[in-house]
Structure formats: C-alpha cells, structure tokens
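Here is a short briefing on charged side chains. Have the model open while you read.

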Amino acid sequence: MSRQTTSVGSSCLDLWREKNDRLVRQAEVAQNSGLTLRRQHLAQDALEGLRGLLHSLQGLPAAIPVLPLELTVTCNFIILRASLAQGFTEDQAQDIQRSLERVLETQEQWGPRLEQGLRELWDSVLRASCLLPELLSALHRLAGLQAALWLSADRLGDLALLLETLNGSQSGASKDLLLLLKTWSPPAEELDAPLTLQDAQGLKDVLLTAFAYRQGLQELITGNPDKALSSLHEAASGLCPRPVLVQVYTALGSCHRKMGNPQRALLYLVAALKEGSAWGPPLLEASRLYQQLGDTTAELESLELLVEALNVPCSSKAPQFLIEVELLLPPPDLASPLHCGTQSQTKHILASRCLQTGRAGDAAEHYLDLLALLLDSSEPRFSPPPSPPGPCMPEVFLEAAVALIQAGRAQDALTLCEELLSRTSSLLPKMSRLWEDARKGTKELPYCPLWVSATHLLQGQAWVQLGAQKVAISEFSRCLELLFRATPEEKEKGAAFNCEQGCKSDVALQQLRAAALISRGLEWVASGQDTKALQDFLLSVQMCPGNRDTYFHLLQTLKRLDRRDEASALWWRLEAQTKGPHEDAMWSLPLYLESYLSWIRPSDRDALLEEFRTSLPKSCDL
C-alpha cells in the first residue's frame, strides 16, 4: 500500500512538474510573439496556470520532496506577475512569506513558531537550510526575489542583513551592499531541475546593476560626483540594458562635467547618444556642458534637438517576462540630472537661454511657441513659481513680453501684456489683501502684485520704443500706483519675515519699484524735465538703496543741475558702496526683471565715476 501511495505521489509530482515546465515554455513563447494581443493573452494564461498550480501544491501538507517544485512555481509566479504589472506589490511579499512558513512546517525541531516578520522568517529558514540541501537552490532563487522586492522598496537595511545571512557572514560584518551583492554566490542550478523563468544568478546580476546605478545616481544628486564614478562604472560593466546604459553614460558625463573634465564628459555623452533613442537626458546634459564651456551656439543647438526629441513618442520595447533592471530603479527624481522634464519645460529653458544670451529674436519666437503650446493644453492656473523645472504662466508671459521688446517688436509686446492683464483683472480689487497674505506667507498668489505691476512696467517700455512718451509715463505711474497701493506703508513691528518666499518677494518688489522710478525718471530727462527726474531718482534711492544704478542716474542729474556739493557727497557714498557687499546679491530676481534692469543700467558708469574722481579735488577747492 505504501509503495502504491509513493507511486501515486511520484506520478502527481511528475504531472505538476510537467505543468510548470509547460507554463514556463508558454511564457517564453509569449515573450517572443510579435503580436501584442497574442503576447498578452499567452502571458496572462500562463500566469493563471501558475496561480492554479501553486494553489494545488499549497493545498497539501508541506513535504520536503515537493518543496523544490513548490518554491520554483512560487518564483515563476512572482516573476511573471511582477513583470506583467511592471512592479512589486504586497501580494508578492505575502507569497514569499507563505513559502518560508511552508519550509519551516517540515522542520519539527524548530517547533511551533509565533508570528514572524519576513526578516525573522528568512533567518530561521536559512539556518534550517543546512539540513535541507535539496532546497538550497530554490531558496537562493526566492531570496533573489526578496532582495529585488526590498531594493525596489528602498529597504536597504533588511536587504543587507539578508545578504549577510546568505553569505554566511556575521551580522554587522559589512554594510557595503555592493560588496555583499558581489560576494553572494548562488548555487548552480541542477540540470534536471524544474524550468524557471529566471535563475538566482540572473537575479543577482540584475540586482548588482540596479543597486550600483541607484547608488551612483544618489551620490551624484547629493553632490559627490567622485564617489558616484565607481558605482556607475560598476553598473555600466554589468548586465545593463541599453536604455539603462544611456542613463548610466549620461550620469558619468555629468560626473566628469562637475569634476572639471569636459572632454571625458563629452565622450560619455556621445556614447549615450549612440546607445539608443532615449536622447533626452544626454542632450540636456550636453547643453549644460556647453554652457559651462561658454559655447552658446552648441548649447542652444543641444536644447533645440532636445525639444524635437521630446516631441517624438518614445518607442520602447515590450518588457521581458523577467525581473529587469528597470523594474528596480527609483521613480524619476526632479533633482536628478537625468530628469529632462516635459517639452514645454525644455522649450522654456531654450527660450530663456536665448534671452539671457542676447538672442532676442530667437527668444521671442520660442516664447510665442511656448505660450501657444501651454495655452492649447489646458487653462493655466495662476500660482507661485514652483521650484525647478520652470516658472508659472504669468512669468512666462512677462518673459515673452521682455523678449519681444528686446527684439524691437513693441506692438506685439503690448498685445501680450493686454492678454495677461485680461487674465489677472479679476485679481486687481484684491491686490491689497493678496500682498498682505504674501508677506505673511499664508496664501497662494504672493507674486500676483508683482505680475500686474510688472505688466504695466513693460507696457511703459513698449510705448517708449514706439515713441509715445506721455503714454509711457502714464504706464510707469500706473505701475508705481499699484505697487504703493498694494504695500502697507508701515511694517508691523515684530512681524516675522523668516519665510524665504516672503524675502524674495520683498527684494523683487524693491527692484520693481526702482525700475519703475528710474524708467519714469529717464522719460522726464528725455523731455528736459530734470527736476521731476531728480524727484524720481531720489525716491528710488530711498525705496531701493541696494540698487546702484539709481545712484548713477541721480549723480548724472545732479551734475546736469550743477548741484556739485550734493553730487560729491553722493559720489563718496557710491564709492563706499562699490567696495562693500551687494545688499541683495543673495536673492535671485525673476528673469523678466533681471532683463529689464539691464536695459536701464547706465552704459557709461565707469567713465562717470572716473570723471568725478578726477574733478572732485577741484570741486572741493571750490
């Protein structure tokens, strides 16, 4: 009777094994199928078959002769399920836990066990594995899947302890995960073992590449390019799919750029471009490299190519039914040098760089294309400028208007400003309240007063370009009226201004006031009304003492009015300021305001200072 039972058990085991092997072959056929629907159907059918087979095996009491097959089916099921879903879930962790508990059920000497976590279960199972050599290969394969799950979940401490146990090392002997992965030596698969979708050695190679890349990228993001190099070289030399290799080469290029090795950086970026069709990251990094080298033409060409590349749908190959490196990589990080953003964000970088490098005509066209792209996609929401990768919609409007004015297209700039005002007109009655909220940092839209006022400032400059002096002065006055009306005359005593956003708003506000006062003062000068210009320049000095351009305009006006004593006193003050630190240097201004301030900066400042330096003794003698 016993012999008959054994024969029946052996016959069932053979049938189960044949079913496993057939389902693995079916998954491989699905992988090689060129038809998407057929591929998906065959793979899903294989997954359901493995699920049913695993359910049958686990419906029986755990037995050592059956466990190697049961663990193999578990691994195949997890691999196929994770690859189809392109990620791990809690269900896979539960599948692994159930398998470990089944192994321990066969070991009476371990006795009844309280509920354990996965890490404790692995400790118990791997300690028991010395008594179960027939399970060793399957357990290492299951451990590889556990390592993949923990790596994707960033549970590196648990992963290190698991690898230490697999390697037979003492706890705490080494926390270098890369070294632990290299040291791990899975046993060779037996020739007559059940078929597997992926063996332990294959999982190890994937884990090694994925972790090396993750570690290298993290070091690069945190500002340690020298430390990142070794990990990235390790990733490049391993089992690295071409899409990942593109990213690795790009990261290596970024490391060498930051370390001051532009030629080596360029070699890696060229290699990245040759490896595949994912050209976005290497082109963006190339633009940074050329900017660092001062090659503006090459920088802008790289950005133009990047905009085109992002417009082409990325043709990615269907994932294999395996645990692949891509499955274990972290989600895109905005701080990563490999994050190239959307087409509109890249278009903005291109437009702003054209504006910053004096290519106003190109900048204007790029900004108009960008606005068309943004306005076609969805209704923009007016909100504070976020952190990189770009500004909010109103600032894009203002930058575009600056580019149009700089390109000599004043009428187009006026049209754009009118469009922006029409979109913000509903906010005008709330300006005072908005500015109060902005200073306290408690509400959204803290930049709204700046946007509306800046729009009138740019309209004034556009009218200057068109020769309509009275209209220009009116626009500058409107800008100032809004700024002074929106801002409380007296700051509350003891008010807290720790918020960086509030400080930046204050600095931008001061510079915007200065710009409006200087612009109106220059129009008074042009119309021969130096006394009115003097009032605006004096007020500008009071409102924004950190803006040195105001002092130069005031100095020139005092000189024209022959007020020598006041001019001399101002010259000494300006000399002292020139030697001291710039009051607002720590705060960056919006690009539209930086560009505008450059327009009203006196071109002959050095000559003016030198003239006063030589004439001052004569003035003193008088």
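Asp295, Glu301, Glu304, Glu308 and Asp362 form a negative surface patch. The model is predicted. It holds 23 salt bridges.

**Negative patch**
- Helix H14, residues 296-311, gives the most to this patch, with three residues.
- Glu301 sits in helix H14.
- Glu301 has 45% relative accessibility, so it counts as partly exposed.

- Asp91 and Arg81 join their side chains in a salt bridge, 2.9 Å from N to O.
- Asp91 belongs to helix H4 (residues 90-105) and Arg81 to helix H3 (residues 67-85), so the pair ties together parts that are ten residues apart in sequence.
- Asp91 is partly exposed, with a relative accessible area of 33%.
- Arg81 is also partly exposed, at 21% relative accessibility.

- A salt bridge joins the side chains of Asp369 and Lys347 at 3.7 Å, N to O.
- This pair links distant parts of the chain, 22 residues apart: Asp369 is in helix H16 (residues 360-377), Lys347 in helix H15 (residues 343-356).
- Asp369 is partly exposed at 41% relative accessibility, whereas Lys347 counts as buried at 12%.
- Lys347 is buried because its value falls under the 20% cut-off.

**Other charged pairs**
- Arg563 and Glu566 meet through their side chains in a salt bridge of 2.8 Å, N to O.
- Arg563 is partly exposed at 34% relative accessibility, and Glu566 is partly exposed with a relative accessible area of 40%.
- A network of salt bridges links Arg119, Arg155 and Asp158.

Notes. Residues are numbered from 1 along each chain as its sequence is written. This is a predicted model: local features need pLDDT of at least 70, side-chain atom pairs count only at pLDDT 80 or more; totals for chains, interfaces and linings use all residues. Side-chain values use heavy atoms; hydrogens and water are left out. Patches are made of residues with over 30% relative accessible area and no salt bridge: like charges are joined within 9 Å, nonpolar side chains (Val, Leu, Ile, Met, Phe, Trp, Tyr) within 5 Å. Accessible areas come from the Shrake-Rupley method with a 1.4 Å probe; for residues, only the protein chains shown count as cover. A salt bridge is a side-chain nitrogen of Lys or Arg within 4 Å of a carboxyl oxygen of Asp or Glu. Lys and Arg count as positive and Asp and Glu as negative; His and the chain ends are not counted. The place of a charge is taken as NZ of Lys, CZ of Arg, CG of Asp or CD of Glu. Helices (H or I, at least four residues) and strands (E, at least two) are DSSP runs, numbered from the N terminus. Buried means under 20% relative accessible area, exposed over 50%, partly exposed in between (1.4 Å probe, protein chains only).
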